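Here is a friendly note to read alongside the model. Please keep the viewer open while you go through the points.

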Amino acid sequence: MDPLTLLRDYTIRNSLDKIVRFNDEFRFGSDYSFPATIETAYRSKHAQNTRRYTLETLIHFVTNHHLKHTDYIQNARALRIPAVTLPDRKPLLDYLTGKVQSSDSIVPLDFPNINPQINNIDRSVQYDAGDSVGLETGTNPIELIRAKEKPIKDRESMLVFGKRDFYSVLTSATKRDEERQRMDSLQRKDNIVAKNRIESRGFGLGEEATKMRKIGEGVPIILVPSAFSTLITMYNVKEFLEDGVFIPTDVKLKQMKGVKPDCVTVQKKFSRDRVVTAYEVRDKPSALKSDDWDRVVAVFVLGKEWQFKEWPFKDHVEIFNKILGFFMRFEDDSVESAKTVKQWNVKIISISKNKRHQDRAAALEVWDKLEEFMRSRSR
């Protein structure tokens, strides 16, 4: 299967979340996997850059196309991923999302082993859609391969290949299963810790329990942006809030091998208080139900209007009256970076780019504001 065609199919079906990076390869569900740096058939039109875009570049672009081009370029550089040029953005996005059926930027890859096999290919092979594939039609080699391929989807089809090294397949599958079980175990552990903390934080009886229920039953929720251009994400929020240490997202991304949890439980560890409150951190507001929104107590803002597009509030005034807002920035960033958020009722938290010993003070400032906000809501 051509990786460009497969990526387009997943984009059109809104199934990009099923593309998972594992070490140096991308896995499309359980059917296909490709090296992250494999070249695709889409070639840049830039006069000074006629290279083919890699699969890694295209996946990063299609999942971050909502960012401004400058923010997208900075994000790509931070992850050391080659970026899509500005002239290529719109035509590439139109092709991947299905707005156009083809593009003159698509130049089929050359397969040197195709020509010797050409006479052995049945000229009467049919596509699923019924289109004839044959040499007289001028069909390119990629289409000939697609017509003859056999996707491996179950153990029966896998075992029919006599020369396949089944032991390596078994080893890979076992590792994937162990990693999945480990993530599930950590998730269950986080949920148990959150439940125990919420039951033992000093609001268990009488009037105080009634006050806490005004916030919403269950563990309070903190929302973070899903974009990589923000300082705090699902990847590094736990270290920052629990340990008082800021680790760049791209560093954590490599450490976690691209596996992003759906929910992270955080608690204030560096405190003399006996009572420790647990919070859930999430980055998908669209997945929250109406009852979940009652538990949302804080949000780390990106500084972009689209972050609140589908939120169940009429404007920013209502949002930041009901939810505590934080905006994280580097202390030497320009004033323009915080120009929008200064118009909102949010707390701006500044950290140093290099002085990591100052992170603890910034994390404590977040906790102080959050605990003060929680007390005011429980009155």
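1. Does Arg 80 count as buried or exposed? Arg 80 counts as exposed, at 69% relative accessibility. The classes work like this: buried is under 20% relative accessible area, exposed is over 50%, and partly exposed lies in between (1.4 Å probe, protein chains only). Arg 80 sits in the loop between H3 and helix H4 (86-96), and its phi is near 60°, a positive value in a residue other than glycine.

2. A word on what you are looking at: this is a predicted model, where local features need pLDDT of at least 70 and side-chain atom pairs count only at pLDDT 80 or more, while totals for chains, interfaces and linings use all residues. Residues are numbered from 1 along each chain as its sequence is written, and side-chain values use heavy atoms, with hydrogens and water left out.

3. Now the overall picture. The chain has 13 helices and 11 strands; these are DSSP runs numbered from the N terminus, helices being H or I with at least four residues and strands E with at least two. Of the 379 residues, 41% count as buried. Taking a contact as heavy atoms within 4.5 Å, 57% of the contacts between residues at least 6 apart in sequence join residues at least 24 apart.

4. Helix H2 (residues 55-63) is mostly covered, with 8 of its 9 residues buried. Among them are Leu 55, Leu 58, Ile 59, Phe 61 and Val 62, but Glu 56 and His 60 are buried too.

5. Asn 14 has a phi near 55°, again a positive value in a residue other than glycine. Asn 14 lies in the loop between helix H1 (3-12) and strand S1 (19-22), and counts as exposed at 68% relative accessibility.

6. How many salt bridges does a search of the whole structure find? The search finds 16, each being a side-chain nitrogen of Lys or Arg within 4 Å of a carboxyl oxygen of Asp or Glu. One of these joins Asp 9 and Arg 13, at 3.0 Å from N to O. Asp 9 is partly exposed at 33%, and Arg 13 is partly exposed at 42%.

7. Glu 371 and Lys 268 also meet in a salt bridge, at 3.4 Å from N to O. This pair links distant parts of the chain, 103 residues apart: Glu 371 is in helix H13 (residues 359-377), and Lys 268 is in the loop between strand S7 (264-267) and strand S8 (278-282). Glu 371 is partly exposed at 22% relative accessibility, whereas Lys 268 is buried at 10%.

8. In the salt bridge of Arg 356 with Asp 359, the closest N and O atoms are 2.6 Å apart. Asp 359 is buried, with a relative accessible area of 0%, while Arg 356 is partly exposed at 28%. Elsewhere, Glu 280, Arg 282, Asp 292 and Arg 295 are linked in a network of salt bridges.

9. Finally, the second largest pocket. A pocket here is an open set of points on a 1 Å grid over the protein atoms alone, where a 1.4 Å probe fits, with protein on both sides within 12 Å along at least five of seven lines; lining residues have an atom within 4 Å of a point. This pocket is lined by 32 residues, and Gln 74, Ser 229, Thr 230, Leu 231 and Asp 333 lie nearest its centre. The largest share of the lining, 5 residues, comes from H3.
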